[in-house]
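Colleague: I am new to this model and would like to know what stands behind the terms used for it. Please take me through them.

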Amino acid sequence: MADKVLMKGNEALAEAAIMAGCRHYFGYPITPQTEVAAYLAKRMPQIGGTFLQAESEVAAINMVIGVASAGKRVMTSSSSPGISLKSEGLSYLAGCDLPALVVNVQRGGPGLGGIQPSQSDYFQATRGAGHGDFHMLVLAPASVQEMASLVFKGFDLADKYRMTTMILADGTMGQMMEPVSLDMGSVNEYDKSWAVTGTKCERKHNIINSLSLLPEELEQWNIRRYDMYKKIEEREVMYDEYMTEDADIIVVAFGVAARVARNAIVAAREKGIKAGLVRPITLWPFPKEILKQRAKNAKAFVSVELSTGQMIEDIELAIRCTRPVLLASRVGGMIPTPEEVLEKIEEAQKIGGEA
Amino acid sequence: MKRVTLFAGHYGSGKTNLAVNYALRLAEMGKKTMIADLDIVNPYFRTRDSEKALADAGVRIVVSPFANSNVDVPALPQEMYAVTDDKSYFAVVDVGGDDRGALALGRLAPALMKEDDYEMLFVMNFYRPLTTNAESAVAVMREVENASHMKFTGIINNSNLGQQTTGEDIIRTHARAMEVSRLTGLELAATCVREDLIGEVSPKIENLIPIRLHFRDEWAIF
């Protein structure tokens with residue numbers, strides 16, 4: 001394994017951003033994502049990039065808007081409370097149609113909450129990142145390798161659609177160490193003739209703006225954006241499956257919960273229960289089609305989450321509530337055990353058998 | 001054997017796991033042992049995670065009351081002074097990573113040097129991205145010495161790729177460990193090897209420390 005190094009998720013993410021051509025990072029320290037900033041504070045000066053510890057999360061996201069407007073790849077990262085502070089900026093990024101990469105290494109909430117892993121910002125990431133009608137592309141890594149590869153992919157998607165990509169990780173993904181290969185491939189170039197880079201008196205000036213006082217015009221901006229979202233939902237869905245072909249019970253989980261779920265599925269199979277895993281990699285767009293398809297043969301679903309049940313609503317919507325969906329969850333920084341998930345799988349098997 | 005053993009090194013070099021293994025070994029040998037977690041940088045995977053194994057072995061644990069709690073502050077407990085004040089113990093100290101992590105050691109440095117019964121070991125993992133060669137490892141070593149006001153007395157090769165480490169992965173880093181030894185004049189005190197790889201590595205490298213990984217394994221495999 002000559003080409004592999006042992007990295008923390010937060011470090012792998014930061015290095016992948018550099019490999020994706022990101023030379024501007026603005027952030028503010030918060031556990032459990034501080035290593036992103038610490039790593040880039042060391043690396044950016046070595047490669048002529050900018051690392052800037054802003055005076056606040058609000059300042060950092062506005063600096064992101066500035067660099068994105070200039071057509072350069074830019075990243076900020078934080079953990080749950082810090083993402084709430086960035087909320088206004090996320091809405092402005094969407095309103096300005098700017099590409100950016102924002103990382104949320106989630107911790108328990110609400111409020112200051114705790115510093116241990118959580119997935120309770122699912123609603124915030126997929127529904128309510130800020131005011132107004134908009135979506136972000138939301139990617140959920142489940143390994144250190146994916147912390148790197150999804151950041152690389154995330155920058156590409158952001159440029160491709162002029163949108164914000166959010167990496168929705170959890171504290172575990174940020175903190176755990178695994179061998180990682182940093183062979184990321186080549187960076188795609190996208191047309192950025194819209195960027196504000198100075199006209200040199202050779203062209204009409206570009207404007208980056210989210211204000212449209214004419215309602216007819218603002219309506220059109222929103223419609224255009226939603227037409228694009230529709231295309232993204234058709235093209236960019238990513239998920240992973242494990243033993244779903246013959247599954248009676250479909251477990252749905254992302255991030256660290258998917259790792260726990262996999263172990264529970266192995267245990268369930270040993271007990272003769274046909275369980276399988278669908279792991280959404282894109283949380284928006286959500287992998288609705290595959291769930292609908294799996295619902296045809298499955299008796300019941302189990303959603304495993306480090307929240308009081310947020311993704312479960314998307315599962316129910318995707319399968320149009322045609323099957324019972326149970327929730328296996330721990331919150332506040334706790335991680336469900338495979339045994340706890342297995343218990344829910346067994347319960348689902350029982351309920352599914354009756355239905 | 002010195003009364004105090006300090007494990008320091010670059011960030012993510014595996015100091016904590018090594019310190020825990022070492023403390024457990026001292027306890028097995030029947031020594032009255034304490035382990036002190038001086039890591040104020042990383043509030044996540046700390047000695048505290050191995051608390052049960054250590055407590056069961058009768059090891060006294062000195063750790064920040066805030067470690068793994070909801071209070072995100074770099075605080076050390078007053079009990080930390082037991083490392084230098086209570087000489088009835090063999091003390092194992094897990095120093096935080098890099099120069100920033102080693103800063104806290106400066107507080108204990110005068111008493112440790114006065115007693116002069118310690119070993120300070122530099123732990124290296126050449127699979128970490130910022131210390132892949134001897135030169136970068138030595139650079140971190142000097143930074144840690146400057147921050148802690150203490151000098152290393154030996155080095156330990158703890159090169160690993162976590163659970164996926166093979167014997168060959170360890171063997172191929174040996175030359176770099178010897179290069180650090182040559183550059184610094186410090187002895188390679190030991191090479192860490194996961195227990196099941198000992199047979200593969202022992203014909204090639206001397207002075208092995210068998211290591212057991214302490215982690216929460218329910219989500220480690222993927």
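Modeller: A:Thr76 lies in strand β4 (residues 74–78) of chain A; strands are DSSP runs of E, at least two residues long, and helices are runs of H or I of at least four, numbered from the N terminus. This is a predicted model, in which local features need pLDDT of at least 70, side-chain atom pairs count only at pLDDT 80 or more, and totals for chains, interfaces and linings use all residues. Residues are numbered from 1 along each chain as its sequence is written, and side-chain values use heavy atoms, without hydrogens and water.

Colleague: Why does A:Thr76 count as buried?

Modeller: Its relative accessibility is 0%. Buried means under 20% relative accessible area, exposed over 50%, partly exposed in between (1.4 Å probe, protein chains only), so A:Thr76 counts as buried.

Colleague: What makes the pair of A:Thr76 and A:Lys86 a polar contact?

Modeller: Their side chains meet at 2.9 Å. A polar contact is a pair of N or O atoms within 3.5 Å; within protein, one must be able to donate a hydrogen and the other to accept it, and residues adjacent in sequence count only if both atoms are side-chain atoms. The side chain of A:Thr76 also reaches the backbone oxygen of A:Phe26, at 2.6 Å.

Colleague: Why is the pair of A:Glu233 and A:Lys288 called a salt bridge?

Modeller: The N to O distance between their side chains is 3.4 Å, and the rule asks for a side-chain nitrogen of Lys or Arg within 4 Å of a carboxyl oxygen of Asp or Glu. Across the interface of domain 1 and domain 2 of chain A, 4 salt bridges are found.

Conventions. Chains lettered and ligands numbered in written order.
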